[in-house]
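Please read it alongside the structure shown below.

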Amino acid sequence: MRRRRFLQVAGVAGAGVAAGCGTGTPDHLLPYLVPSDDLVPGIPTWYASTCRECPAGCGILVKAREGRAIKVEGNPHHPVNRGRLCARGQAALQGLYDPDRVTQPRKREGNVWKPITWDDAETEIATALGAAASAGADRVAFVTGAESGTLDRFYDVFLGAFRSTRRLRYEAFAFEPLREASRLTFGLATVPRYDFASARYVLSFGADFLETWLSPTEFGRGFASTHGYRDGRMAKFVAVEPRRGMTGFNADEWVAPKPGTEGMLALGIASSLMRQGKARVAGVDADRLRAILARFDPGTVAEATEVEEAVIERLAREFGDAQPSLAVAGGVAHQHRAATQTAVAVNLLNYIAGNVGRTVRFLSSSPWERVSRYADMRSLVAAMNEGGVDVALVHGTNPAFTLPATAGFVEAFAKVRLKVAFASHPDETAELADLVLPDHTPLEQWGDIEPIAGVRSLVQPVMMPVHDTKQTADVLLSVAQKAGKSVAPAGVATARDLLAAGRPERDFDRLLQAGGEFAEAAPRAVRLTTDFARLGWALPAFDGPADGLVLLAVPHVGLYDGRGANKGWLQELPDPTTKITWQTWVEVHPETATRLGVRSGDLVTVSAGERQVEAVVCVFPGVRRDVVAMPIGQGHTAYGRLARGRGASPLALFAADATDPSGALAFCQTRVTLTRTGGRRPLATTEGSPRQHDRGIARAVAFTAIAAGHAPEEEHEALTESERTAIDSAEASQRRRAELGRYGEDNPKWEMAIDLSRCTGCSACVAACYAENNIPVVGESQVVRSREMAWIRIERFYDGFAGGENDLPTGTDFEVRQIPMLCQQCANAPCEPVCPVYAAYHTPDGLNGQIYNRCVGTRYCANNCPYKVRYFNWWDYGHPASDEYAFPGTLSWLLNPDVTVRTKGVMEKCTFCVQRIRFAQNDARVRGATLRDGDVTPACAQTCPADAITFGDAHDPNSRVSRKKLDERGYHVFQQLNTKPGITYLRRVIRSGEA
Amino acid sequence: MKRTTALIAGGTLLLGAALAGVAIARGQGDQQTAAPAPRWSYPLPPARGTGYSSLDTAQPGGPWPVLPGRLRGPEQPIFYRHDIHAGQYRIPCLYCHNNAANSWTANIPTVSTCMGCHLVISAADTAGNPNPEIAKLRDFAARGEPIRWVRINKIAEHAHFPHMRHVNAGLACQLCHGNVQQMPRVFAAQNVNQMGWCTNCHMRRGITRDCTTCHF
């Protein structure tokens with residue numbers, strides 16, 4: 001108390017000085033000219049649209065305040081994501097407000113960019129297109145990203161008007177092996193729908209289905225619902241891959257075959273399944289399969305894959321017994337020269353286990369089948385090289401970055417007479433173009449896509465364009481008109497007209513309000529074909545020396561193929577596996593690191609023959625000894641201030657002609673050698689310790705134990721007798737004080753329950769928290785000093801293996817424990833009594849309030865917090881004049897007006913999104929309603945694809961959180977400290993061993 | 001545009017009501033009960049020539065109050081007089097600041113809200129020239145340009161004030177904003193950033209004083 005008294009006196013003395021400060025220049029208020037029908041200042045308006053950050057096509061609702069988008073959330077009615085969103089989707093806002101966006105049309109003159117009017121630019125394109133069309137057929141190329149729907153068809157019509165069919169829908173991650181495998185096994189070159197939610201056993205052969213594979217949010221939801229423990233039931237998940245990434249972290253068991261042998265292992269399991277009599281095929285198919293699989297007896301497979309025979313037999317037994325089960329393959333990182341074979345083998349495995357038609361269903365179409373093949377891109381490069389392309393239009397894709405340098409795209413593109421980039425951002429491809437026509441970002445566009453057959457998901461602008469940009473389709477319509485071509489029905493002048501064509505306006509409005517039409521098509525029956533029989537099943541070759549380390553190029557969960565690299569939230573989002581931000585690292589197995597004499601933080605040259613890149617070593621137990629892994633996404637030479645010149649891209653090591661039978665680029669193609677450069681670069685990691693040191697932070701329980709009814713509670717640091725007495729008397733006195741004033745009234749008590757059996761560690765909550773709470777991005781140098789500001793983080797620990805308490809695991813039999821760590825809103829909070837100014841205090845509704853305007857920055861609270869969830873503003877991130885200003889340019893537009901932007905010297909932390917609580921309470925009072933369970937949801941819980949976070953009033957015995965709290969798996973972190981946390985964690989259940 | 005039409009119609013109707021001498025005092029309960037004696041004096045009505053509209057001829061409550069010698073508050077782009085609109089004509093606050101009842105922020109009326117009445121009312125002088133301030137307003141409307149009002153009351157960004165809760169609780173706007181209906185030019189009657197002033201009221205009325213009610 002003496003400390004508090006001192007500061008009070010000091011505060012009075014200081015007040016006299018501060019009183020002289022004025023507010024500066026007068027503020028102005030600019031009213032609207034005409035009141036808008038759907039806008040009340042101060043109240044958010046929501047618009048339904050579709051996320052375009054990856055081709056998955058999740059439905060979104062965008063929150064706009066006073067005409068500016070400030071938050072993106074999932075659309076609860078959308079069949080793909082059911083209200084949830086991943087980190088990339090959350091960060092779509094940062095693309096919209098990116099301060100490095102192209103703000104007006106520009107033209108290259110020599111080496112400088114000159115502004116050009118839209119009209120002149122369109123005329124120039126129209127003239128060039130006209131000339132190209134009269135010079136011959138197919139002299140115009142149009143490269144877009146993955147598209148489906150009305151505008152996609154329009155682009156084809158447009159191109160046709162200029163006598164060309166050179167239309168590419170280019171995606172770096174095109175999942176060609178999956179499509180080719182479906183063609184070979186079932187005669188349909190498509191990607192099936194995978195139903196994780198009904199699978200009772202999941203076997204993943206390198207598919208990172210919780211990160212970037214096909215539709216991660218949808219799969220995350222399905223996976224959590226089946227793999228999350230409930231009422232004595234849960235599915236088992238076995239990851240079969242040479243590298244255990246975030247998806248693999250969720251596995252109950254990790255099987256690490258030699259790189260390239262995943263397919264063979266799948267065949268071995270299939271063969272064993274038949275031998276054990278668990279196959280669900282009969283007749284001709286069974287005989288044929290038996291003949292093919294005869295070669296793959298467990299002994300042979302065990303030798304090739306380095307997986308024990310017993311394990312293969314056991315996996316087969318479990319896979320066959322669990323009904324239905326699901327096997328998946330085709331992750332980009334494991335796309336080697338025989339990736340199609342892996343996918344075929346997995347298809348066969350699914351077929352034999354009877355999963356086709358149950359967890360693997362074929363619809364009439366898939367958006368993936370429209371995505372161009374790598375071979376198409378290579379023939380475009382060849383055509384450009386030969387001078388066969390006069391005009392190249394690029395829209396919504398960045399091949400100059402995502403193609404390996406050896407593909408020669410840059411050189412070939414230079415030979416095109418007129419190169420037009422319809423780009424929102426100055427990416428590598430736009431830098432090479434002659435004309436850059438700034439495109440609307442997806443949040444400013446019209447459009448529609450078909451993520452699932454039968455589902456038409458609409459894209460609509462959620463605000464006025466930020467800059468002088470124009471939607472590509474609008475430009476093309478105008479170009480066609482200037483060139484005198486008819487490409488659209490009469491009366492259609494804009495992209496919106498194209499979408500609404502043939503539909504009454506009121507219908508279209510209703511559709512926009514819902515976000516689209518969601519009538520998923522029925523699956524169709526498929527039969528096994530014979531095409532796969534001619535596969536040779538040879539193991540893939542790897543370039544490079546035989547004693548080299550196989551390089552896995554891993555898609556980054558935040559950056560995807562590199563498109564997220566100029567978004568601060570995604571750069572600062574700790575990679576779920578290594579917890580590294582901002583950098584390009586190379587994952588090395590602990591024993592390999594010892595052999596090579598490298599430590600975490602050493603700079604190494606990763607070389608594949610002549611080609612080399614530099615990266616930081618991260619010693620990581622989730623890779624095999626003969627494998628190293630690098631993330632894809634960094635190494636930009638353009639794209640904006642955060643992306644340019646940062647890190648390196650493993651694509652630079654690739655030979656462009658290394659392909660698999662489907663023609664896809666092999667991302668896993670070469671062995672590399674690591675050489676120390678002698679330099680060091682401290683890892684910008686948010687990992688405190690990889691081990692729990694017996695603190696019992698992230699707890700787990702074996703499935704066999706809990707299902708049998710005994711889930712032994714882990715005891716951590718048992719209390720002594722005197723400690724127990726002290727706690728009891730302290731509690732008694734607290735109870736008296738808790739009755740004082742409003743604290744004794746009938747208030748809600750906001751609490752949270754986090755089910756670790758559902759949490760996948762995907763980090764969507766982290767990005768959502770940044771968006772909701774105006775959290776500044778601090779940059780690599782500050783993260784290195786552990787000064788990151790994320791109010792919620794995912795902690796990751798290695799556990800469950802034999803070894804010293806500081807050791808990293810070296811085998812494959814370790815468990816990964818992940819736990820979202822945020823302010824625990826302790827009822828007996830250590831931070832509160834040490835605050836000299838009452839900035840940290842307890843609210844009557846059970847929150848640890850943090851009042852920024854009271855805070856004087858003593859940091860006593862952070863020092864006293866055992867959970868380390870308080871964050872200090874070391875710099876003036878919120879002040880526009882500061883060098884560290886975290887929201888430069890239009891980026892400040894995304895600030896949530898309901899949340900204070902904190903200033904330098906202020907402590908900040910999670911308050912369960914108190915602004916959302918107050919908003920809901922005020923709203924309910926004005927409506928004359930009472931709050932119901934579920935009316936308040938913090939941003940993290942709202943976006944969690946796994947639905948791991950439950951939030952509500954613990955004083956209401958019927959609320960979901962009250963019921964979750966009673967779960968037998970519930971525990972509090974650091975219970976022994978008697979902090980009485982408001983967050984109950986539910987232990988993860990691990991179903992290892994025999995199932 | 002539908003709302004604009006409605007506003008024009010509403011404006012005309014309202015004015016009709018005011019002409020009939022009906023004081024619509026919703027949101028101004030305080031004023032009704034207190035009924036302060038006017039501190040201004042009424043001069044004789046000016047001689048009227050041609051050019052007055054029929055609306056302008058009948059000024060309810062007599063001629064406009066005279067201006068005091070010294071005006072408080074900052075100069076605004078248009079000399080909008082609350083003492084005439086809210087005082088003399090008794091137009092309820094919420095007629096123009098309608099969002100105060102349903103939103104966190106009380107809106108500044110849109111230009112079209114002003115034009116709802118001033119399309120018709122010009123307060124022209126004997127020569128038929130509209131009042132110069134109304135002429136300015138009409139120019140803004142014609143140019144399609146928002147009016148840059150100088151902000152009078154601004155709560156610090158670390159505090160959040162839900163207008164709708166206070167209006168719905170039946171509090172008079174004057175409680176915080178002062179007797180705006182007597183202000184020829186609006187000035188800050190209270191320092192709205194003095195937290196003690198907020199909490200005193202909350203304390204008197206037995207309302208929560210929890211910090212996170214306003215600070216988050």
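Chain A is assigned four stretches of domain: domain 1 (106–174 + 371–502), domain 2 (176–368), domain 3 (541–680) and domain 4 (700–990). The model is predicted.

**Domain 1 and domain 3 of chain A**

- Between the C-alpha centres of domain 1 of chain A and domain 3 of chain A the distance is 31 Å.
- The contact joins 18 residues of domain 1 of chain A to 19 residues of domain 3 of chain A.
- On the side of domain 1 of chain A that touches domain 3 of chain A, two or more residues each come from α14 (374–385), α15 (399–402) and α17 (428–432) of chain A.
- This side of domain 1 of chain A consists of 10 nonpolar, four polar and four charged residues.

**Helices α6 and α13 of chain A**

- Helix α6 (residues 176–186) of chain A and helix α13 (residues 339–352) of chain A have axes that come within 8 Å and cross at roughly 50 degrees.
- Because of that angle, α6(A) is oblique to α13(A).
- The crossing of α6(A) past α13(A) is right-handed.
- From α6(A), the residues in this contact are P177(A), L178(A), E180(A), A181(A), S182(A), L184(A) and T185(A).
- Facing them from α13(A) are A339(A), T340(A), A343(A), V344(A), N347(A) and L348(A).
- Sorted by class, the contact of α6(A) with α13(A) has eight nonpolar, four polar and one charged residues.

**Contact of chain A with chain B**

- Chain A gives 34 residues to the contact, and chain B gives 36 residues.
- On the side of chain A that touches chain B, the elements with two or more residues are β1 (28–29) and α28 (914–927) of chain A.
- Six residues of this side come from α28(A), which is the largest share.
- The side of chain A that touches chain B is made up of 19 nonpolar, nine polar and six charged residues.

**Strand pairing between the chains**

- β1(A) pairs with strand β1 (residues 149–150) of chain B in the antiparallel sense, over two bridges.
- Opposite L29(A) stands W149(B), a residue of β1(B).

Definitions and conventions:
Residues numbered from 1 in each chain as written. Chains lettered and ligands numbered in written order. Predicted model: local features only at pLDDT ≥ 70, side-chain atom pairs only at ≥ 80, totals over all residues. Contact = placed C-beta atoms within 7 Å. Helix = DSSP H or I, 4+ residues; strand = E, 2+ residues; numbered from the N terminus. Nonpolar A, V, L, I, M, F, W, Y, C, P; charged D, E, K, R; others polar. Pairing = 2+ DSSP bridges. Domains from an automatic or database assignment. Axes fitted to C-alpha atoms, helices over the stretch in contact; angles between N-to-C directions. Parallel < 35°, antiparallel > 145°, perpendicular 65-115°, else oblique. Left-handed = near helix turned anticlockwise from the far one by under 90°.
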